[in-house]
Amino acid sequence: MQLMNRVTRYFLILVLSFSAASVMADDHPKHDYKTLVLDILITGDSSVTGDKAENEAKITKFSEHLRTELQDKTRFNIINDAESLDKIKAADDKQDLHNCNGCEITLAKELGAELVVVPNVFRMSHLISTLHVEFKDANTGKLIKRKAYDFRGNTDQAWERAIKYAMRDLKDWDRN
């Protein structure tokens with residue numbers, strides 16, 4: 001009986017240790033600077049008819065997912081309040097923030113951001129895509145980091161996997 005209690009205690013200590021380690025592993029010290037994340041833009045092959053509604057749904061869903069993952073699993077402080085997101089949407093409705101010769105930098109400064117994340121998915125075909133994530137310094141407008149993640153399939157699972165790999169690579173990245 002005493003041996004059983006000892007084994008139970010060691011087992012509980014082991015379980016608690018692993019639990020504490022996993023909680024500590026997910027805790028990332030945050031940067032002091034704010035980061036603006038634009039909505040994802042889909043570029044490339046648009047030969048599949050009827051894709052517009054599906055693309056818009058994916059942009060909405062995975063832009064939010066990208067912001068949440070960056071906030072929760074990396075060192076970035078993401079601007080994700082409703083008022084700022086409304087300003088981003090209004091600015092994007094006026095002009096394409098991904099191709100506007102620096103307007104995304106102006107918007108970032110207006111919102112108090114020091115970094116701008118410009119994500120896009122280049123679709124080679126309906127089944128082959130690449131998630132591109134660019135980081136720009138809002139003070140200089142210069143590109144400071146660019147990463148690409150290939151994925152296969154146009155399913156939610158494929159998009160989620162691409163973002164998951166991006167988080168794995170970016171979790172400890174610091175611009176300095």
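**A helix and its covered face**

Helix 2 (residues 52-73) has 22 residues and spans 30 Å from first C-alpha to last, close to the 32 Å expected at 1.5 Å times one less than the number of residues. Helices (H or I, at least four residues) and strands (E, at least two) are DSSP runs, numbered from the N terminus. The model is predicted: local features need pLDDT of at least 70, side-chain atom pairs count only at pLDDT 80 or more, and totals for chains, interfaces and linings use all residues. Residues are numbered from 1 along each chain as its sequence is written, and side-chain values use heavy atoms, without hydrogens and water.

The buried residues of helix 2 include Asn55, Phe62, Leu66 and Leu70; buried means under 20% relative accessible area, exposed over 50%, and partly exposed in between (1.4 Å probe, protein chains only). Seen down the axis, the buried residues fall within an arc of 165 degrees, so they line one face of helix 2; the arc is taken over directions from the helix axis to the C-beta atoms. On the other side of helix 2, Ala53 and Thr60 are exposed. Among the elements covering the buried residues are strand 4 (115-123) and helix 5 (156-170), with contact meaning heavy atoms within 4.5 Å.

**Aromatic pairs**

Rings of Phe, Tyr and Trp (its six-membered ring) pair if their centres lie within 6.5 Å; planes under 30 degrees apart count as stacked, over 60 as edge-to-face and the rest as tilted. The count comes to five aromatic pairs. Phe135 and Trp173 have ring centres 5.0 Å apart and planes at 55 degrees, so this pair is tilted. Both Phe135 and Trp173 are buried.
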